[in-house]
Amino acid sequence: MQVIGLIGYVDKYDFAINLAKAINVMNKSVLVVDATNDKKLQAIIPSLDNIGDAYITQYNNIDFALGFKSLHDIENYTAEQGINLSLYDYILIDIDTTATYELFRSRNFDRTYFFIDTSVLSVSKNKELVKSMRVYNKEEALKITKVLYRAYMSRAAEEYFENQIESYNVEWQEPEYEIPIDEIDKITDIDSQFSGIIEIRKHSKMFINTIADLTSEILDEVTAKEVIREIKRRKD
């Protein structure tokens, strides 16, 4: 089992869903943990009535842990339900604030992706997140991968963000990733929410390529071309 941190003050729940699906089409089991402050996935992922405030439910062959207040709560829930967390190939944890990071952080994130955009609010909140990560990480450098999320990053904006976190000794890993702004991607995500079918193949070419590159890096045993081929082939 590998634990992947999707960290950053941006609305990236659609991306988390698509990334989970890309990993799933490569025949890997995935649990997506909504550790965001607003827990928006509860409004998007359908569930049975009267299932409770916190639960694990399946959506399009992917398991989602929704409504939980901490990683400890998830561990208690799975133990009570007879679910073995270690049987998942991958756990994706979507974190967007310092408070939720402290409650859901894993001592052993196998990979950490940090999502940024250029809004002043995002920069401020992401600075707080990096500071919190620094407190809990005793390594010489914070080794994280930058993901520019649906925003245009000017040189001035990027330099400003880098200056804000300079004292926290962040070591950005290569390659960096960019999630595009595209009307096709927005429409596809909305359609997926209403249809209940996650269809990555209907996204823009750049979005598919980025998802494939990330999936290939996470799985570390397949190429991006193989991921793209499976995305285009699979219809479930």
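Modeller: A term first: a crossing is called right-handed if the near helix is turned clockwise from the far one by less than a right angle, and left-handed if anticlockwise. In this predicted model, α1 passes α8 in a right-handed crossing.

Biologist: At what angle do the axes of α1 and α8 cross, and how close do they come?
Modeller: The axes of α1 (residues 13–25) and α8 (residues 205–219) cross at roughly 60° and come within 9 Å, which makes α1 oblique to α8.

Biologist: Which residues meet there?
Modeller: On the α1 side they are F15, N18, L19, A22 and I23, and these meet F207, I211, L214, T215, I218 and L219 of α8. Sorted by class, that contact holds nine nonpolar residues, two polar ones and no charged ones.

Biologist: OK, pockets now. How much space is in the largest one?
Modeller: The largest pocket holds about 470 Å³ of space, and among the 20 residues that line it, F109, T112, N137, E139 and K143 lie nearest its centre.

Biologist: Which element gives the most to that lining?
Modeller: That is β7, with four residues, while β6 (111–116), α5 (120–136) and β7 (142–149) each supply at least two. By class, the lining of the largest pocket divides into eight charged, six polar and six nonpolar residues.

Biologist: And the second largest pocket, what's in its lining?
Modeller: The second largest pocket has about 240 Å³ of space, and of its 19 lining residues Y9, V10, D11, D38 and D96 are the closest to its centre. Its lining comprises nine charged, five polar and five nonpolar residues, with α5 giving the most, namely three residues.

Notes:
Residues are numbered from 1 along each chain as its sequence is written. This is a predicted model: local features need pLDDT of at least 70, side-chain atom pairs count only at pLDDT 80 or more; totals for chains, interfaces and linings use all residues. Side-chain values use heavy atoms; hydrogens and water are left out. On a 1 Å grid over the protein atoms alone, a cavity is a set of points where a 1.4 Å probe fits but cannot get out, and a pocket is an open set with protein on both sides within 12 Å along at least five of seven lines; lining residues have an atom within 4 Å of a point. Grid points are joined across faces, edges and corners, and a volume is the space filled by probe spheres set on the points. Ala, Val, Leu, Ile, Met, Phe, Trp, Tyr, Cys and Pro count as nonpolar, Asp, Glu, Lys and Arg as charged, and the others, Gly among them, as polar. Axes are lines fitted to C-alpha atoms, for helices over the stretch in contact, and angles run from 0 to 180 degrees between N-to-C directions. Angles under 35 degrees count as roughly parallel, over 145 as roughly antiparallel, 65 to 115 as roughly perpendicular and the rest as oblique. Contact means heavy atoms within 4.5 Å.
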